[in-house]
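Subject: Structure for you to look at

Hello,

I am handing over the structure we spoke about. My notes on what was found follow below it.

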Amino acid sequence: MASDSEYTLPSAETEVTTLLEKVLHEGLNTTELAAVYDDLSQDYDKVLTESKYYGPNTAAEAVTKLIKPDERPQKIILDIGAGTGLVAEELTKKGFKVFDALDPSSGMLEKGREKGLYRNYICEAIGSKPLNIPSGSYDVITVVGSHTKNHIKGEALQEMIPLVKSGGIICIVARMEGFYKFEEYKDSFFPLCDKLEKDGKWQKIECSECPYWNTLKGIIFLYKVC
């Protein structure tokens, strides 16, 4: 795992440190990471909930502010890195009803399936190969907690944008320090966001600090697709 100086722990609880040690182990590929999450899936919700993981609620609150109550039941949402469905749970409370889950861990998706939250369960990783999803399929994409070591690459933004209808929303919530410390993002993510805006692919709504995990600061990116 990354050292504390590189990656601050949100909690000293053994369950949290064990989870992070496993998913942030140096050099995991997509298949290996999915297997790790399969093993963690049974206790995943309990560990995150008890350690005050606010990321899903932060994303749900942000998306809700942009969409009128009477429009929410019809909006189609792709939850990337959906895991066990924590984001869909929060959005369901706000009146959203139609979700697809995308996650490379079959074990995590199975826990989400038990909750009956999603329309489709897509066991794939964005960025590893082209997704078999038509352009303009979604009104909203959410990505919560997946921009970290071993997970989604920054360049996957270029694959996300075409999946969203013109005028639709992409909402990314993650730990703030990861964008400044991890090689996957620290010199490339913000410039790529700016380039995509300059190229007319999307328009920034918000990029700001937000609640994330216990006392750790998060960052939220909200963009409207052009």
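In which helix is L157 found? L157 is found in helix 7 (residues 157-160), where helices are DSSP runs of H or I with at least four residues, strands are runs of E with at least two, and both are numbered from the N terminus.

Some ground rules. This is a predicted model, in which local features need pLDDT of at least 70 and side-chain atom pairs count only at pLDDT 80 or more, while totals for chains, interfaces and linings use all residues. Residues are numbered from 1 along each chain as its sequence is written, and side-chain values use heavy atoms, with hydrogens and water left out.

L157 is buried, with a relative accessible area of 0%; buried means under 20%, exposed over 50% and partly exposed in between, with a 1.4 Å probe and protein chains only. Not counting residues up to four places away in sequence, L157 touches I172, F189, L192, C193, L196 and W202 (contact is heavy atoms within 4.5 Å). G127 is 30 residues from L157 along the chain, and their C-alpha atoms are separated by 8.7 Å.

F189 also belongs to an aromatic cluster, formed with F179, Y180, Y185, F190 and F221. Rings of Phe, Tyr and Trp (its six-membered ring) pair if their centres lie within 6.5 Å; planes under 30 degrees apart count as stacked, over 60 as edge-to-face and the rest as tilted. The count by this rule comes to 16 aromatic pairs. F179 and F189 have ring centres 4.8 Å apart and planes at 50°, so this pair is tilted. Because F179 lies in helix 8 (residues 178-181) and F189 in helix 9 (residues 189-198), the pair ties together parts that are ten residues apart in sequence. F179 is buried at a relative accessible area of 0%, and F189 counts as buried at 0% relative accessibility.

The buried residues of helix 1 (residues 14-23) are V16, T17, L19, L20 and V23. These residues lie on the same side of helix 1, because they cover an arc of only 160° around the axis (the arc of the directions from the helix axis to the C-beta atoms). Their cover includes helix 2 (30-40), helix 3 (44-50), strand 5 (164-175) and strand 6 (202-213).

V47 lies in helix 3 and counts as buried at 13% relative accessibility. Leaving aside neighbours within four places in sequence, V47 is in contact with E15, V16 and L19.

Pockets

A pocket is an open set of points on a 1 Å grid over the protein atoms alone, where a 1.4 Å probe fits, with protein on both sides within 12 Å along at least five of seven lines; lining residues have an atom within 4 Å of a point.

The largest pocket has a volume of about 710 Å³, a volume being the space filled by probe spheres set on the points. It is lined by 44 residues, of which Y37, G145, S146, H151 and I152 are the closest to its centre. Helix 1, helix 2, helix 3, helix 5 (86-93) and strand 6 each supply at least two lining residues.

The second largest pocket has a volume of about 210 Å³. Its lining includes D45, L48, Y53 and E89. Helix 5 gives the most to this lining, with four residues.

Regards
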